[in-house]
Amino acid sequence: MNAFSKVIAVSVAMLSSAATLALDLKQGEALVNERCSACHKPGVMGAPKMGNKADWEPRAAQGYKTLLEHGMKGLNGMPPKGGAVDVSDEVFESAVTFLLQSAGVLEQAKSGKAAPAPAKKADPKPAAPAKQETAVTAKVMQSAEGKQKVKPALKFNRLMKSAEEWNPPPYEDGIHDPEGEGAYALQPPKELFESLPKAPSGNRVDWVKALEGGAITPRYDRTDPSKQPFVMDLNIVREVKGFMPDVVYPHKQHTEWLDCSNCHPDIFIPKKGANQISMAAILMGEKCGVCHGKVAFPVSECRKCHSKNKTQPVGIKQ
């Protein structure tokens with residue numbers, strides 16, 4: 001083979017390699033968009049976000065081979081191949097390559113070198129004092145050995161959760177299986193609820209306002225999108241003894257979501273005087289407590305139900 005033939009052969013090989021790389025990256029991009037983005041787009045469970053160089057740099061410093069091995073075998077909350085066990089190793093590797101390239105750290109990963117740390121700038125402002133824990137969130141105690149221990153927040157009352165503890169992601173909510181792939185594909189509630197009207201309790205969403213304002217349009221029938229609810233605009237007032245305002249039960253807000261058979265006759269007998277309702281029963285999960293405190297706002301929101309003020313307090317004569 002003369003020199004000219006060698007040049008032609010090398011050129012053909014280089015073009016072929018480049019074409020293969022481009023094809024692999026397209027496959028990798030498709031896999032990332034289809035399977036990996038559910039976790040890597042929002043950064044679920046600390047997953048490095050797509051295109052975020054700061055997230056990927058520490059991983060890239062471990063080297064390409066290590067990163068690929070972690071992805072193949074799974075690491076922390078990530079299952080093997082991110083759950084895409086049906087794809088070939090080559091396609092999965094192309095997805096890893098695409099993620100590293102889109103974050104601008106592919107060369108760093110292949111060299112296995114850590115990125116130089118940015119130089120620290122002098123902070124002209126004095127350091128802020130350490131945040132003081134309140135008596136509710138934490139309490140520092142002095143043990144017999146003289147060591148300090150932090151007492152965790154009081155947990156006996158589930159209504160005393162801090163704001164950060166409400167609406168955990170599906171894989172931490174105790175309802176979904178954290179070992180299941182689907183739990184990581186679901187949109188986190190905090191992200192989903194961000195644009196909805198706020199409430200001070202429950203899952204921090206005012207669902208009645210969301211429905212009235214058109215922020216949500218729940219389907220009345222799961223299989224038939226054309227089916228409409230039978231909305232009954234009727235309030236039932238239950239008189240309450242003492243100074244507590246009377247209870248107003250609005251059928252309208254309930255029948256916009258539910259069919260009559262959800263409540264009648266198993267929970268409430270549709271007959272005047274046939275239902276004995278007490279707060280004790282509700283707290284035990286009966287009557288209104290079948291939903292409220294579980295999938296509807298909790299009973300701590302007294303005024304949402306006890307909404308009709310008495311014109312004259314009971315026991316006070318004019």
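Helix α3 passes helix α4 in a right-handed crossing, where right-handed stands for the near helix being turned clockwise from the far one by less than a right angle, and left-handed for anticlockwise. This is a predicted model, in which local features need pLDDT of at least 70 and side-chain atom pairs count only at pLDDT 80 or more, while totals for chains, interfaces and linings use all residues. Residues are numbered from 1 along each chain as its sequence is written, and side-chain values use heavy atoms, with hydrogens and water left out.

Back to the two helices. α3 covers residues 64-73 and α4 covers residues 89-102; their axes come within 10 Å and cross at roughly 125°. Axes here are lines fitted to C-alpha atoms, for helices over the stretch in contact, with angles from 0 to 180 degrees between N-to-C directions.

Which residues of α3 and α4 make the contact? On the α3 side they are Tyr-64, Leu-67, Leu-68, Gly-71 and Met-72, and on the α4 side Asp-89, Phe-92, Glu-93, Val-96, Thr-97 and Leu-100. Contact means heavy atoms within 4.5 Å. Sorted by type, the residues of this contact are 7 nonpolar, 2 polar and 2 charged. In that scheme Ala, Val, Leu, Ile, Met, Phe, Trp, Tyr, Cys and Pro are nonpolar, Asp, Glu, Lys and Arg are charged, and the others, Gly among them, are polar.

Now for the whole chain. You'll find 11 helices and 4 strands in it, taken from DSSP runs (H or I of at least four residues for helices, E of at least two for strands) and numbered from the N terminus. Of the 318 residues, 23% are buried; buried means under 20% relative accessible area, exposed over 50%, and partly exposed in between, with a 1.4 Å probe and protein chains only. Among contacts with a separation of 6 or more, 45% are between residues 24 or more positions apart.

Next, the aromatic rings. The structure holds 2 aromatic pairs. Rings of Phe, Tyr and Trp (its six-membered ring) pair if their centres lie within 6.5 Å; planes under 30 degrees apart are stacked, over 60 edge-to-face, and the rest tilted.

| Pair | Centre to centre | Angle of planes | Type |
|---|---|---|---|
| Tyr-171 and Tyr-184 | 4.8 Å | 10° | stacked |
| Phe-193 and Trp-207 | 5.4 Å | 85° | edge-to-face |

Tyr-171 sits in the loop between β2 (148-151) and α6 (182-185), and Tyr-184 is in helix α6, 13 residues apart, so the pair links distant parts of the chain. Tyr-171 counts as buried because its relative accessibility is 12%, and Tyr-184 does too, at 11%.

As for the other pair, Phe-193 lies in helix α7 (residues 189-193) and Trp-207 in helix α8 (residues 207-212), so the pair ties together parts 14 residues apart in sequence. Is Phe-193 buried or exposed? Phe-193 is buried, at 15% relative accessible area, whereas Trp-207 is partly exposed, at 28%.

Finally, a few backbone details. His-264 and Pro-265 are joined by a cis peptide bond, with omega about 0°, and Pro-265 is in the loop between α9 (251-255) and α10 (279-283). Arg-204, in the loop between α7 and α8, has a positive phi near 65° although not a glycine, and is partly exposed at 27% relative accessible area. Lys-287 also has a positive phi, near 50°, and is placed in the loop between α10 and α11 (302-305).
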